[in-house]
Amino acid sequence: MSTRYQVSGPHIVHETIDDEVVIVNMETGAYYSLQGSGQAIWSLAEAGKDASEIDASFAAAPGVEPIEKFLQELVSEQLITVSERAAAAEVDVAPGEFVAPALEKFTDMEDFLLVDPIHEVGEQGWPNKP
């Protein structure tokens, strides 16, 4: 069975803006920007596609190796984890031509993001003491 992925958990917040995905890890305070084909790879991985299915989605398939390498980079940053899902969900992503994905990591706002109590809001409301 091929490896499928999912977003690591509720502490990972992400938003797609035009062709860029901005991801914030609320546990570490680091935030990320996905460039190139990173946005399409993120969306397809989030939907449960494996590396070979992601590769096949591109008009000029780059081969699975660069996609697997990028997915492992997302795993090492704890943005996605291996999923137990057996089948992929349908997703409306048309990646087009493959452009080498890039994951940019920013740590300049870690202190600010970690102090912000809003990310501690759960079902019980705010404030939520750890």
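# Reading strands, rings and helices

Guide: Strand β3 (residues 20-25) and β4 pair in the antiparallel sense, with 4 bridges between them. This is a predicted model, where local features need pLDDT of at least 70, side-chain atom pairs count only at pLDDT 80 or more, and totals for chains, interfaces and linings use all residues. Residues are numbered from 1 along each chain as its sequence is written, and side-chain values use heavy atoms, with hydrogens and water left out.

Visitor: What counts as a strand, and when do two strands pair?

Guide: Strands (E, at least two residues) and helices (H or I, at least four) are DSSP runs, numbered from the N terminus. Two strands pair if DSSP finds at least two bridges between them. Here, Val24 stands opposite Tyr31 in β4. The hairpin of β3 and β4 has 5 residues between the strands, and Gly29 takes a positive phi near 85° there.

Visitor: How many bridges join β4 to β6?

Guide: There are 5, and the two strands run antiparallel. Gln35 has Ala102 in β6 as its bridge partner.

Visitor: Is β4 enclosed or open?

Guide: Buried means under 20% relative accessible area, exposed over 50%, partly exposed in between (1.4 Å probe, protein chains only). In β4, 4 of the 5 residues are buried, so the strand is largely enclosed by the rest of the structure.

Visitor: What describes a pair of aromatic rings?

Guide: The distance of the centres and the angle of the planes. Rings of Phe, Tyr and Trp (its six-membered ring) pair if their centres lie within 6.5 Å; planes under 30 degrees apart count as stacked, over 60 as edge-to-face and the rest as tilted. By this rule there are 2 aromatic pairs. Tyr31 and Phe106 are stacked, at 5.0 Å centre to centre and 20° between the planes. Tyr31 lies in strand β4 (residues 31-35) and Phe106 in strand β6 (residues 102-106), so the pair ties together parts 75 residues apart in sequence.

Visitor: Which geometry do Phe58 and Phe98 show?

Guide: Their ring centres are 5.2 Å apart and the planes lie at 85°, so the pair is edge-to-face. Phe58 sits in the loop between α2 (51-57) and α3, Phe98 in the loop between β5 (80-83) and β6, 40 residues apart. Phe58 and Phe98 are buried.

Visitor: At what angle do α1 and α3 cross?

Guide: Axes are lines fitted to C-alpha atoms, for helices over the stretch in contact, and angles run from 0 to 180 degrees between N-to-C directions. The axes of α1 (residues 38-46) and α3 (residues 64-76) come within 11 Å and cross at roughly 75°.
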